[in-house]
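Open your viewer and get ready to select a few pieces one after another. At each stop, take a moment to turn the model around before you move on.

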Amino acid sequence: MSLRHGRPYLAIPGPSVMPDRVLQAMHQAAPNIYSGPLVDMVDGMVPDLKAVARTAHNVAIYIANGHGAWEAAVSNALARGDKVLVLATGRFGHGWGEIATRLGVAVEVLEFGKRSAVDLAQVEDRLRADSGHEIKAVLTVHVDTSTGVRNDVAGIRAAIDATGHPALYMVDCIASLGCDRFEMDAWGVDVMVTGSQKGLMTPPGLGFVFFNDKAEAVQAQSDLVSNYWDWAPRAHPQEFYQYFGGTAPTHHLFGLRTALDMIVKEEGIEGVWARHARLAEAIWAALEVWGDGGPLELNVADRAVRSHAVTALRLQAPNATALRDWVSENVGVTLGIGLGMAPSGDPAWHGFFRIGHMGHVNAHMVLGMLGTIEAGLVALNIPHGTGALAAAAKVVAQA
């Protein structure tokens, strides 16, 4: 017998759970794309996107996923032969660097492993050694979706500033925007990229590049940007179609408008951050109790550098895959694979999994998901500590 029949729960780190209101907003006839309500809606959406990013500067919207946003950012901000410094704390830091390499940019990687945040002293030392300012940009990931590591964005900015280095500061917030606190202007970020499918609670398909005046000025030196990826007409459109380089992604926009209403106008971004932080603490409380009596281990030991959107876990192979399969087949919960933690053909790959807790999630969803994991641990005879659900409930009760 299976107990999975009913509403499924996608507890992966993106695409995230989409609100019914977002889905319902998308369920309508195609609109006029030349004038009228759609045009007015998008004009009004731009300030709300900036409010989520905490910036007064520019945003360009692309019909793309996060990889497209990476390419757009590199294409506008850099030129062939430029050198960038990538600060890597997981698979997605490397991924952005790989995009840059394919575009003809020279990439140097500072590697910090899969369990630790960026070491600010190492960043400062490397930039101080670059006395000729060959490095044109520093690229990093706020939250690496593969490892759950959350980097100190403001601290990295301070390390750059301490050296007087003029490099652009470019940050991937694909997993963090609308989940973890992020302050683009206050933290001195020049370029930020994100996507629609995680904290913004909208289906995959929209990519965003936010950029300030410094980055906009640098674009004049780029020989990489094409007509489609050019951020200038998207950020400063003279005609509506220029927002998107052509036909608008109409139904994604309907969904995004509703998601932004929920984030900005109803809950408020500070409330969104606080909710994600408390739910993450409840999840960690349960995981730590289970780990005290068995092999389950949080990938990031230091709570201060854990993401509030995704938690990566280690559970001796093949237990992680067995657990994911059990909760999916028997109780209708999908957990994330251990992306980038081991090669897919390596037996060790089956020792990692992730929990996504981003976007449209609340306490009863999280507590229910934790209950299914405990059921899986029991069913599979995987040793674990007792009292995990009570520990999570205690955190929720303190809200």
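This is a predicted model: local features need pLDDT of at least 70, side-chain atom pairs count only at pLDDT 80 or more; totals for chains, interfaces and linings use all residues.

A salt bridge here is a side-chain nitrogen of Lys or Arg within 4 Å of a carboxyl oxygen of Asp or Glu. Residues are numbered from 1 along each chain as its sequence is written, and side-chain values use heavy atoms, with hydrogens and water left out.

**Stop 1: a salt bridge**

Select arginine 115 and glutamate 297: they form a salt bridge whose closest N and O atoms are 2.9 Å apart. Arginine 115 sits in the loop between strand S4 (106–111) and H5, and glutamate 297 sits in strand S9, so the pair ties together parts that are 182 residues apart in sequence. The whole structure has 23 salt bridges. The labels H and S stand for helices (DSSP runs of H or I, at least four residues) and strands (runs of E, at least two), numbered from the N terminus.

**Stop 2: the sheet**

Now show strand S9 with its sheet. Five strands form an open sheet with mixed pairing, in the order S1-S11-S12-S10-S9; two strands pair if DSSP finds at least two bridges between them. Which strands are at the edges? They are S1 (9–11) and S9 (297–298), each pairing on one side only.

Next, select S11 (residues 333–337) and S12 (residues 352–356), which pair in the antiparallel sense over two bridges. Isoleucine 337 stands opposite phenylalanine 353 in S12.

**Stop 3: helices H5 and H6**

Select H5 (residues 120–129) and H6 (residues 153–163). Their axes, which are lines fitted to C-alpha atoms over the stretch in contact, come within 9 Å and cross at roughly 30 degrees. H5 and H6 are therefore roughly parallel, a term for angles under 35 degrees. Contact means heavy atoms within 4.5 Å. Leu120, Val123, Glu124, Leu127 and Arg128 of H5 make the contact with residues of H6 that include Ile156, Ala159 and Ile160.

**Stop 4: helices H12 and H13**

Finish with H12 (residues 363–379) and H13 (residues 388–397), whose axes come within 10 Å and cross at roughly 170 degrees. That makes H12 roughly antiparallel to H13, the term for angles over 145 degrees. To see where they meet, select Ala363, Leu367, Leu370, Gly371 and Glu374 in H12, then Ala388, Leu389, Ala392, Ala393 and Val396 in H13.

Definitions and conventions. Axes are lines fitted to C-alpha atoms, for helices over the stretch in contact, and angles run from 0 to 180 degrees between N-to-C directions. Angles under 35 degrees count as roughly parallel, over 145 as roughly antiparallel, 65 to 115 as roughly perpendicular and the rest as oblique.
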